[in-house]
Amino acid sequence: MAVGITALGSYAPERTLTNQHFEQLLDTTDEWIVARTGIEKRHIAAEDEFTSQVAIRAVENLIARSGQDALDGVDMVIVATSTPDALFPATASLVQAHFKLTAGTFDMLTACTGWVYALSVAHAYVQAGLCKKVLTIGAETLSRVIDWQDRSTAVLFGDGASAGIVEEVREGYGFRSWVLGADGEGAGNLHLGLTADKLPDGTSLSDKIQMNGREVFKFAVRVMNTATLQAVSQAGLEPGDISLFVPHQANARIIEAARERLGLPQERVVVTVNEYGNNSTASVGLALQHALDAGRIQDGDHLLLVAFGGGLTWGATVLTW
Ligand code: ACO
């Protein structure tokens, strides 16, 4: 059975913070941020806007684009997030209640790789006959877990959400390959605490994101290269067959390294990190939505999606649109 994405929606909060904002508060410059990351601004949720709300806005956007009946028959809701409103109820339950869906719900946590992992779970559920139509959401309010005094992380992240429906599609379309992985030994390089005060390796945890940027950078370049090439080859394709590369939007230099390795021209890569920063699980869906809106995706195109994040985790898929 062929399974793919049949509808998409996204949302970014109205309020933005430019690099100039950080120049006033931290020992940093617009030039440094743009040169090292490609980020020009990021969208930040309002004081009273939590992850369930940005998730709901992305689903409303999906309905606005695909029609009032877009959620008819949804039997599972998966929210991938590192910033749930609560540990329980799942943020997915809050979305389910809002839209009055008759569906199961759960949240997933694989940091920035979350939405790609959620798509793979949705694919497996539909293929196994456990579900017919899965609403997958990547939603974050990372602004609540950022140490605004830490220049090495504060400038990187933003808030937002994306939503996608996964269900059966016509033969020849949909997901063609999956590469999902993790390297728990690198866990200490990127973390956000909850109940423990340290990781088993002794790394101290806090309630704000802490990151060894240099190590995460090296990890990201490595896995973006290997996971993308594996996903393309498992799909029975060559890199040149990829019409559009839709990578996780963490850093323009990481994206550029992966593009070069794949040998793809710049016009086949989606870059939105300048506008949104890294909004974690929202980023791949939001980038995909941008590409669709810009008319960059045609029927039958082979798309390559890839993400990486805390864990450390990674995930890549090739799908025919
Ligand atoms: N402004 C000015 N200087 C800065 C800033 C800043 N905002 N941030 C760090 N610096 C300084 C550092 O302190 C360091 O100074 P030092 O040499 O005196 O120690 C210097 O710049 C160079 O630091 P590096 O870490 O080597 O800089 P690098 O070029 O690696 O860029 C960055 C840092 C942007 C964080 C990069 O390492 C990166 O993007 N890493 C990957 C991060 C990432 O993708 N994270 C998302 C993971 S997804 C998830 O699950 C959350």
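**Reading the ligand shell and backbone of a predicted model**

The residues of the shell around the ligand comprise eleven nonpolar, nine polar and three charged.

Student: Before reading that shell, what kind of model is this?

Tutor: It is a predicted model.

Student: Which residues come nearest to the ligand?

Tutor: There are 23 residues around the ligand, and Thr28, Ala111, Gly213, Ala250 and Gly309 come nearest. The elements that give two or more residues to this shell are helix H2 (30-37), helix H6 (151-154) and helix H7 (213-234). Of the elements, H7 gives the most, with five residues.

Student: What span does H7 have from its first C-alpha to its last?

Tutor: H7 has 22 residues and reaches 31 Å, close to the 32 Å expected at 1.5 Å a residue. Just after H7, Gly236 takes a positive phi of about 75°.

Student: How do I judge backbone geometry at residues other than glycine?

Tutor: Most residues other than glycine have a negative phi, and most peptide bonds are trans. Two residues here depart from the phi part of that rule. Ala111 has a phi near 50°, a positive value in a residue other than glycine. Ala111 is in the loop between strand E5 (104-108) and helix H5 (114-128). Ser280 also has a positive phi, near 55°, and is found in the loop between helix H9 (273-276) and helix H10 (283-293).

Student: Are Ala111 and Ser280 buried or exposed?

Tutor: Count the other C-beta atoms within 10 Å; 20 or more make a residue buried. Ala111 has 23 and is therefore buried. Ser280 is buried as well, with 32.

Student: Which peptide bonds are cis?

Tutor: One of them is the bond from Phe88 to Pro89, with omega near 5°. Pro89 is found in the loop between strand E4 (76-80) and helix H4 (91-98). The bond from Gly311 to Leu312 is also cis, with omega near -10°. Leu312 is in the loop between strand E12 (302-309) and strand E13 (313-320).

Student: Which residues does the UniProt annotation "active site" cover?

Tutor: That annotation, from an unreviewed entry, covers Cys112, His248 and Asn278. Although these residues are spread over 167 residues of sequence, they cluster in space, with a largest C-alpha distance of 8.7 Å. Cys112 lies in the loop between E5 and H5 and is buried, with 33 other C-beta atoms within 10 Å.

Student: What do the UniProt domain annotations cover?

Tutor: The annotation "domain: Beta-ketoacyl-[acyl-carrier-protein] synthase III N-terminal" covers residues 106-184. Over residues 106-184 the chain is 24% helix and 37% strand, and the end C-alpha atoms are 23 Å apart. The annotation "domain: Beta-ketoacyl-[acyl-carrier-protein] synthase III C-terminal" covers residues 233-321. That span, residues 233-321, is 31% helix and 22% strand, with its end C-alpha atoms 18 Å apart.

Student: How do I compare sequence separation with distance in space? Take Asp27 and Arg151.

Tutor: Set the number of residues along the chain beside the C-alpha distance. Asp27 and Arg151 are 124 residues apart along the chain, and their C-alpha atoms are separated by 7.2 Å. Asp27 is in the loop between helix H1 (19-25) and H2. Asp27 is exposed, with 8 other C-beta atoms within 10 Å.

Student: What are the two separations for Ala55 and Ala12?

Tutor: Ala55 and Ala12 are 43 residues apart along the chain, with 9.9 Å between their C-alpha atoms. Ala55 is in helix H3 (residues 51-66) and is buried, with 34 other C-beta atoms within 10 Å.

Methods: Residues are numbered from 1 along each chain as its sequence is written. This is a predicted model: local features need pLDDT of at least 70, side-chain atom pairs count only at pLDDT 80 or more; totals for chains, interfaces and linings use all residues. A residue is near a molecule or strand if its C-beta atom, placed from the backbone, lies within 6 Å of it. Helices (H or I, at least four residues) and strands (E, at least two) are DSSP runs, numbered from the N terminus. Ala, Val, Leu, Ile, Met, Phe, Trp, Tyr, Cys and Pro count as nonpolar, Asp, Glu, Lys and Arg as charged, and the others, Gly among them, as polar. The expected span of a helix is 1.5 Å times one less than its number of residues. UniProt positions are given in the numbering used here, feature names are shortened, and annotations may be inferred rather than shown by experiment. A residue is buried if 20 or more other C-beta atoms lie within 10 Å of its own, exposed if 12 or fewer, and partly exposed in between; C-beta atoms are placed from the backbone.
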